[in-house]
Amino acid sequence: MKHPSPDADRARALALVPVSPEAQARLAIYVDLLARWRNVTNLISAASFAAVWTRHVADSAQLPPLAPDARRWVDLGSGAGFPGMVIAILLADVAGARVHCIDSDRRKCAFLREVARATGAPAEVHAERVEAIAPESLLPVDAVVARAFAPLPRLVELANVWIMHGAVGVFPRGRSAETQLEALPAAADLTIDILASKLDPEAAILRVRSRLKACS
């Protein structure tokens, strides 16, 4: 499969999901670091990197507007930083912003810390398994996000503490989102919106919120 040139890929991504010039500059630093680190840390495949701006950067950058008031995010299974590091870069100039990037791979976490340092992104990197993190220790949380991390029932289970405390769950689930919803146990205390992706109209993003007010 022939991939577009890097410039064309970037232009298409920014046309689909526009960001400020300052964010563009920070994202370019991120992509440059990814290019230099990816061979030694197995961050991303060559085929995936060939369309990194559309396939990963823009796909991640479309998520913050789905929780427009969120400043404090948790990214489960951050990997190479999609979407958590992209979100942190977009929030770099927002007072009080903080994105907790959680991943068990220490080499990937070292990369994420370098990106945060180089871009000024308000990211806090946790080199731990998601299950090992005490959810209450990260509160308050406005939004929790994950991209290709776990089956939807397990993902909702892990994110539930934050959602019950008022956070919005923002979960890209691809073209099988509705099938995945069928596997989710009925939960009267959750409301789930199915939203179309800007990158692929056939792919969906699930926005999960609690109908209940969590106990403090």
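Q: Which residues does Ile 205 touch, leaving out those up to four places away in sequence?
A: Contact means heavy atoms within 4.5 Å. By that test, Ile 205 touches Gln 62, Leu 63, Leu 66, Val 170, Phe 171, Pro 172, Asp 193, Ile 194, Leu 195, Ala 196 and Ser 197, not counting residues up to four places away in sequence. This is a predicted model, where local features need pLDDT of at least 70 and side-chain atom pairs pLDDT 80 or more, while totals for chains, interfaces and linings use all residues. Residues are numbered from 1 along each chain as its sequence is written, and side-chain values use heavy atoms, leaving out hydrogens and water.

Q: Where is Ile 205 found, and is Ile 205 buried or exposed?
A: Buried means under 20% relative accessible area, exposed over 50%, partly exposed in between (1.4 Å probe, protein chains only). Ile 205 is buried, at 3%, and belongs to strand S7 (residues 204-210). Strands (E, at least two residues) and helices (H or I, at least four) are DSSP runs numbered from the N terminus. Val 170 is 35 residues from Ile 205 in sequence, yet their C-alpha atoms are 6.9 Å apart.

Q: Which members of the largest nonpolar core touch the most others?
A: In soluble globular proteins, nonpolar side chains tend to be buried together. A nonpolar core joins buried Ala, Val, Leu, Ile, Met, Phe, Trp, Tyr and Cys residues through side-chain atoms within 4.5 Å. Here, the largest one has 49 residues, and Tyr 30, Leu 34, Trp 73, Phe 82, Met 85 and Val 170 touch the most other members. H2 gives this core its largest share, 6 residues. A separate second core has 25 residues, including Leu 76 and Ile 163.

Q: How do the axes of H2 and H6 cross?
A: Axes are lines fitted to C-alpha atoms, for helices over the stretch in contact, with angles from 0 to 180 degrees between N-to-C directions. Under 35 degrees is roughly parallel, over 145 roughly antiparallel, 65 to 115 roughly perpendicular, and the rest oblique. The axes of H2 (residues 21-41) and H6 (residues 106-119) come within 10 Å and cross at roughly 155 degrees, so the two are roughly antiparallel. Residues making the contact include Tyr 30, Leu 34 and Trp 37 of H2, and Phe 111 and Val 115 of H6.

Q: What about the angle between H1 and H4?
A: H1 (residues 6-16) and H4 (residues 52-61) pack at about 30 degrees, with axes 8 Å apart, and are therefore roughly parallel. Among the residues that meet are Ala 13 and Leu 14 in H1 and Val 52 and Trp 53 in H4.
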